[in-house]
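These are my notebook entries on one structure. I begin with the surface and then go on to the sheets and the rings.

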Amino acid sequence: MKSYRKELHINLPSRRGVVNITREVQKCIDESGVKEGLVLVNPMHITASVFINDDESGLHHDFEVWLEKLAPEKPHSQYWHNGYEDNADAHLKRTIMGRETTAAITKGRLDFGTWEQIFYFEFDGKRDKRILVKIIGE
């Protein structure tokens, strides 16, 4: 069985944002030489998420609005954690959206449905962040 590991780097200029990383993940699969297996993709930070969904800007906006209702950024004083930092809402949003995603690799390609794509969702950006891509298979 082959094993491959790579870190992707991302630095959003804004505090929050969604980035389609499907092409970068597929490039990692190509580099790995794995034809049949699994790929795990996870942000190596506790204020970001990786998820699979549709690449539609209206949907991404809806995620942002929904998450802001569930865990509003301000006022900062509403969170105990913000006595240390001002990103408690980012931790909560990450928990709601999940940590990581795993996808099947078939014939060297992501084995996705018609509209599925992989996204990185940043909740506390403006600095360098890492995304782990781990591939196993034959």
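Which residues make a nonpolar surface patch of about 320 Å²? I found that Met1, Leu38 and Ile136 make this patch. I note that the model is predicted, that local features need pLDDT of at least 70 and side-chain atom pairs pLDDT 80 or more, and that totals for chains, interfaces and linings use all residues. Residues are numbered from 1 along each chain as its sequence is written, and side-chain values use heavy atoms, with hydrogens and water left out.

**Entry 1: the patch**

I wrote down the rule for patches: their residues have over 30% relative accessible area and no salt bridge, with like charges joined within 9 Å and nonpolar side chains (Val, Leu, Ile, Met, Phe, Trp, Tyr) within 5 Å. A salt bridge is a side-chain nitrogen of Lys or Arg within 4 Å of a carboxyl oxygen of Asp or Glu. Accessible areas come from the Shrake-Rupley method with a 1.4 Å probe, and for residues only the protein chains shown count as cover.

I then looked up methionine 1, which lies in the segment before strand 1 (2–10). Is methionine 1 buried or exposed? Methionine 1 is exposed, because its relative accessible area is 74%. The cut-offs are under 20% for buried and over 50% for exposed, with partly exposed in between (1.4 Å probe, protein chains only).

**Entry 2: the whole chain**

I read 3 helices and 8 strands in the protein chain. Helices (H or I, at least four residues) and strands (E, at least two) are DSSP runs, numbered from the N terminus. From the N terminus on, the elements run β-β-α-β-β-α-α-β-β-β-β. The C-alpha trace spans about 50 × 30 × 20 Å along its principal axes. Of the 138 residues, 41% count as buried.

Two strands pair if DSSP finds at least two bridges between them. Strand 3 (residues 36–43) and strand 8 (residues 129–137) are joined by 7 bridges in the antiparallel sense. Glycine 37 has glycine 137 in strand 8 as its bridge partner.

I found an open sheet of 3 strands in the order 2-7-4, with antiparallel pairing. Its edge strands are strand 2 (17–20) and strand 4 (48–54), and each pairs on one side only. Strand 4 runs antiparallel to strand 7 (residues 116–122), and 7 bridges join them. Here aspartate 54 has glutamate 116 in strand 7 as its bridge partner.

**Entry 3: the rings**

How many aromatic pairs are there? I read 4 aromatic pairs. Rings of Phe, Tyr and Trp (its six-membered ring) pair if their centres lie within 6.5 Å; planes under 30 degrees apart count as stacked, over 60 as edge-to-face and the rest as tilted.

Phenylalanine 51 and phenylalanine 119 have ring centres 5.4 Å apart and planes at 25°, so this pair is stacked. Phenylalanine 51 lies in strand 4 and phenylalanine 119 in strand 7, so the pair ties together parts 68 residues apart in sequence. Phenylalanine 51 is buried at 7% relative accessible area, and phenylalanine 119 is buried at 1%.

The rings of phenylalanine 121 and phenylalanine 123 have centres 4.5 Å apart and planes at 35°, so the pair is tilted. Phenylalanine 121 counts as buried at 1%, and phenylalanine 123 is buried at 0%.
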